[in-house]
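Work through the exercises below with the model on screen. Try each task before reading its solution.

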Amino acid sequence: MAAIETRNLTYTYPGGTKPSISDVSIKVEKGDFVLITGPSGCGKTTLCRCFNGLVPHFYQGELKGEITVAGMDVTKHQTHELAKHVGLVFQNPENQLFALSIEKDVAFGLENLGFSREEMRERVDWALNLTGIYDLRERSPHEISGGQQQRVAIAAVLAMQPEIIVLDEPTSFLDPLSAERIFEVIHELNKNLGITVVLVEHRLDLTAKYANHIIIMDEGKVRSDGETREILNSEQTRLIGVGIPKVTLLYELLKKEGMNLGDVAPLSSDEMTKLLQEALRIR
Amino acid sequence: MIEVENVRFRYPGGVEALKGVTLSIRNGEFVAIMGQNGAGKTTLVKHFNGLLKPSSGTVRVDGVETTKASVASLSRSVGFVFQNPDHQLFSETVEEEIAFALKNFGFEPETIQKQITWALNLLSLTQYQKTSPFMLSGGERKRVALASVLAWDPQILILDEPTIGQDHEQKEKLRQFIVQLQTQGKTIVIVTHDVEFVAECNPRVVLMKEGTIVADGEGKEILTNTEAIAQSSIVLPQIAQIFSQLGSLGLSKNVIDLYEAKEILLREWERQGK
């Protein structure tokens, strides 16, 4: 069974004149690491809001087509039921944080699900450590930096250990090393615990290497959908104006000039270096 | 011209965020201030328009000490675009948002209208003229914030994390746009983590760490300085990573540009007779 499946999903916000997403049919398998990307305003965030039922239950508006998440029809299950299975990390962490201390913010979801004190303690500490904010746990989420707030929002979702994690540009305020560390953590959760990950990102240079599946959207529609390497290497993707990683572009430029670099396009600089080391004589 | 001399700054009852910063930015320069979260980047640039005043040391903008001028008067020449657009936006429509500062500066109605049209067009926002900024996506709101500052045409432009949430096309537009402003002699200071964006623009780079400046120089030179970069919690741009890993080939070290990389690698390939 797929983790997320939509069929001809079309949604218009209340008062909207045209649909924010239209005719979206996608399938995310259990254990997938999916990257959703596309120009801003393309409907990525709206699609993510469907995955935990914020659309249509909170935002109202008009939803057509079918959507099943973790085996549940989203239109027939409320957000709080879906929340046990799907964790969502928003673009702007301030919209998500409300408690008096970081620790309480991270524990909030667990309290609602009725975990024992010990288990709560254990999971909260685990999530705080993974995201590198254990030392900040007694501070107020409103007196820390934007980057630190993003980590709190991620920790709160990780603590729930949901089957599916949906992250909407979760590290945009973080410095690159901290961002990389968060992506590594998410990647580990995906690999080791089999958690399905849906990541919305513009910065493919940082994230393409983690994803086995990529979906590119434009003007509310799905333009490309498939295996990451294949899609990033296609002419069509270039035309949509997605930020292809520099290493992938360099590979293409050199291949066009006749350099023998094999048929597998690189997604990270490590992969590109290996290809170059094989093509050029390294003393 | 911005002159920062031995500036220290402590937040009331809190951390010392700047621990003796000296820096001078000439008119028409394009500078990227980089470094890890909490390094003091935003705190530093907030001194440039007087939003913050140094605890000790001095900041001069065009010769005027910021402690002797109001934020309002400094803002006329120093435009500041915040990291989080929601800290800046409050009007009911995009158009009103852009008009707000122009009205405050006392521009004529015709000038205001002209500037609004110009700014909307420049940032591809014309279709949202009558829309509430809060109906827009994160990336679009960011552009509204930028448009509202550009509209009054400040001489010095400070952009705090301008590429966050922007797609490839918008980033490319931003880059071209910065180049265009530079040709008009504007001073541009960006605070950013986006190494790939900086690699494409190749500005002067100032690296900060824990309230001090640890490196300052040409982008090409700083962004390929493995040691300084690691110290500042940034990563090398992808192209620089490849050249650093290919070290034993003896190729040029300071490469961050895609096309320069291509030329150098092709030359090496041909030299080896392949």
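**Exercise 1.** Find which residues Glu66(A) is in contact with, leaving aside its neighbours within four places in sequence.

*Solution.* Start with the rule: two residues are in contact if their C-beta atoms, placed from the backbone, lie within 7 Å. By that rule, Glu66(A) touches Thr6(A) and Arg7(A). Strands (E, at least two residues) and helices (H or I, at least four) are DSSP runs, numbered from the N terminus. Glu66(A) has 14 C-beta neighbours inside 10 Å, so it counts as partly exposed. The cut-offs are 20 or more other C-beta atoms within 10 Å for buried, 12 or fewer for exposed, and partly exposed in between.

Two notes on the source. This is a predicted model, where local features need pLDDT of at least 70, side-chain atom pairs count only at pLDDT 80 or more, and totals for chains, interfaces and linings use all residues. Residues are numbered from 1 along each chain as its sequence is written, while chains are lettered from A and ligands numbered from 1 in the order in which they are written.

**Exercise 2.** Describe how helices H3(B) and H4(B) cross.

*Solution.* Take H3 (residues 94-104) and H4 (residues 109-122) of chain B. Their axes come within 10 Å and cross at roughly 135°. Axes are lines fitted to C-alpha atoms, for helices over the stretch in contact, and angles run from 0 to 180 degrees between N-to-C directions. H3(B) and H4(B) are therefore oblique to each other. Angles under 35 degrees are roughly parallel, over 145 roughly antiparallel, 65 to 115 roughly perpendicular, and the rest oblique. Now list the contact residues. H3(B) supplies Glu95(B), Ile98(B), Ala99(B), Leu102(B) and Lys103(B). H4(B) supplies Ile112(B), Gln115(B), Ile116(B) and Ala119(B). Sort them by class: six nonpolar, one polar and two charged. Here Ala, Val, Leu, Ile, Met, Phe, Trp, Tyr, Cys and Pro count as nonpolar, Asp, Glu, Lys and Arg as charged, and the others, Gly among them, as polar.

**Exercise 3.** Characterise the side of chain A that touches chain B.

*Solution.* Count first: 42 residues of chain A are in contact with 39 residues of chain B. Then find the elements that give two or more residues on the chain A side: H6 (146-159), H7 (176-193), H11 (246-256) and H12 (269-279). H11(A) gives the largest share, six residues.
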